[in-house]
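Let's take a walk through this model together, one region at a time. Keep the structure open beside you as we go.

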Amino acid sequence: MSKIGTEETPLRVAIVGAGPSGFYAAEHILKDGDLHAQVDLFDRLPSPFGLVRGGVAPDHPKIKSVIRVYEKTAAREGFRFFGNVKIGQDIEVEELERLYHAIVFTVGCETDRQLGIPGEDLPGSHAATSFVGWYNSHPDYADHEFDLSSERAVVIGNGNVAMDVARMLALTDHELRQTDTADHAIEALDAKQIREIVVLGRRGPVPASAAYLASDEVDKTTRVNVETLKEFSEREPEGKKQRIVLRFLASPVEIKGNGKVESIVVGGNELVESGGTLRAQDTGEREELECGLVLRSVGYTGVPIEGVPFDEKRGLILNEGGRILDSHDSGHKVGHYTAGWIKRGPSGVIGTNKKDALETVQHLFADVESGALLSPENPDPVAVEDLLREKGTRYVSFEDWQAINEAEVGRGEPHGRPRVKFVRVEEMLETVGERLAG
């Protein structure tokens with residue numbers, strides 16, 4: 001068998017998940033001048049970029065400028081995008097094993113962690129991710145409904161997502177109409193009756209892990225968050241219709257209501273030193289707040305993929321430095337890798353994933369050298385296209401995505417908005433329908 005990574009036998013890699021980690025992994029693989037590689041990047045949506053498109057708040061457009069970096073990767077020789085392809089439905093992991101030398105899973109952490117309190121599942125209590133997906137035009141959440149008719153909303157958590165959803169609930173109609181917020185969300189948010197948004201954090205504004213560190217050791221994200229919260233708390237009320245109230249050392253104990261959320265019981269906490277960190281401990285104090293909407297933002301967890309070893313306790317793919325393990329006490333699952341949140345947990349900023357993906361790709365390159373890769377039956381690049389066509393899967397190429405992107409930008413122009421996103425997969429497919437049919 002000829003050496004993998006040469007012109008005659010290029011390294012064929014499938015990356016599953018087209019968010020930041022997927023693009024960084026593709027970039028690390030394709031920019032290596034000594035290795036001939038081809039990367040096929042799969043995503044279940046027709047649109048790439050993961051949380052940069054579907055998670056970043058619409059009023060933070062600067063953060064989305066990182067997309068330009070991913071577009072440069074997509075323009076590299078050897079890169080292909082296969083959007084609208086669901087692993088485990090349109091194509092199985094076993095089928096990928098027959099077509100590629102290596103598979104890298106970069107699927108992120110798609111669900112919220114549970115609070116584990118009574119009343120959490122009452123109508124009106126939602127995972128913050130579903131609210132974010134709803135206002136960001138994510139197809140999964142297009143039909144979700146949020147009752148914004150009560151005077152008080154409660155946001156649980158004080159990380160970036162909690163701050164985003166609190167701010168989105170407070171923005172005016174005029175502010176929202178300058179962004180790419182989903183039209184259905186703009187209309188609902190404009191009609192909201194909410195006057196007070198209470199944000200509950202079980203500790204103080206600085207996470208316990210950072211509380212004992214010198215100021216120069218606290219990571220930049222934490223410093224920025226603390227500064228933002230400080231600046232928020234010192235603002236004089238400006239007479240706007242909504243106010244945001246930050247409540248630290250407070251944890252939800254129970255969500256109450258008859259058939260829907262009507263109130264939340266909040267417990268008081270105190271910080272107690274435990275093993276070199278500060279831990280929030282219940283003081284026994286209780287307070288009941290009337291509210292009609294609860295948004296839970298206390299962390300994310302991964303969703304298992306059929307055929308990929310999963311660490312149920314941590315909610316992550318079982319791995320060591322990005323090499324997927326067969327089980328806790330056995331070796332590396334040959335040719336299988338992971339990067340990003342599903343590898344390490346939901347931490348860091350967008351750029352953190354670049355270094356994380358590099359570690360994984362370096363291990364992959366070491367395995368190319370030692371020959372510890374999959375032995376695909378048919379590594380021909382055409383084979384995957386043939387298979388998807390055979391199955392009747394309407395996959396979206398990067399060129400198709402660019403047509404969708406252009407159409408969205410065109411829809412926004414008459415209204416002075418950056419874009420008006422398509423909310424449904426069908427709408428996206430219709431935009432490139434003729435090309436796909438050809």
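Six bridges join strand 10 to strand 11 (residues 263–274), and the two run antiparallel. Strands here are DSSP runs of E with at least two residues, helices are runs of H or I with at least four, and both are numbered from the N terminus. Two strands count as paired if DSSP finds at least two bridges between them. To find one of these bridges yourself, look at P252, whose bridge partner in strand 11 is V266.

A word on the ground rules: this is a predicted model, in which local features need pLDDT of at least 70 and side-chain atom pairs count only at pLDDT 80 or more, while totals for chains, interfaces and linings use all residues. Residues are numbered from 1 along each chain as its sequence is written, and side-chain values use heavy atoms, with hydrogens and water left out.

Now step back to the sheet around that pair. It is an open sheet of three strands in the order 10-11-12, with antiparallel pairing. Strand 10 (250–256) and strand 12 (277–290) are at the edges with a single partner strand each, so one side of each has no neighbour in the sheet. From one strand to the next, the twist averages 25°.

Next come the helices. The axes of helix 5 (128–135) and helix 6 (residues 160–170) come within 10 Å and cross at roughly 50°. Axes are lines fitted to C-alpha atoms, for helices over the stretch in contact, and angles run from 0 to 180 degrees between N-to-C directions. The two helices are therefore oblique to each other; angles under 35 degrees would count as roughly parallel, over 145 as roughly antiparallel and 65 to 115 as roughly perpendicular, with the rest oblique. Helix 5 contributes A128, F131, V132 and Y135 to the contact, and helix 6 contributes V161, D164, V165, M168 and L169, where contact means heavy atoms within 4.5 Å. By class, that contact of helix 5 with helix 6 has eight nonpolar, no polar and one charged residues. Here Ala, Val, Leu, Ile, Met, Phe, Trp, Tyr, Cys and Pro count as nonpolar, Asp, Glu, Lys and Arg as charged, and the others, Gly among them, as polar.

How many residues of helix 6 are buried? The count is 10 of its 11 residues, so helix 6 is mostly covered. Buried means under 20% relative accessible area, exposed over 50%, and partly exposed in between, using a 1.4 Å probe and protein chains only.

Follow the chain into the loop between helix 5 and strand 7 (152–156), where E145 lies. E145 is exposed, with a relative accessible area of 70%. E145 and A185 are 40 residues apart in sequence and 9.4 Å apart in space, C-alpha to C-alpha. S137 is found in the loop between helix 5 and strand 7 as well, but S137 counts as buried at 3% relative accessibility.

Backbone angles deserve a look here too. Most residues other than glycine have a negative phi. S137 has a positive phi, near 65°, and F49 has a positive phi near 85°. F49 sits in the loop between strand 2 (37–42) and helix 2 (50–54), and F49 is buried, with a relative accessible area of 2%.

Finally, helix 1 (residues 20–30) and helix 12 (residues 352–370) pack at an angle of about 45°, with their axes 8 Å apart.
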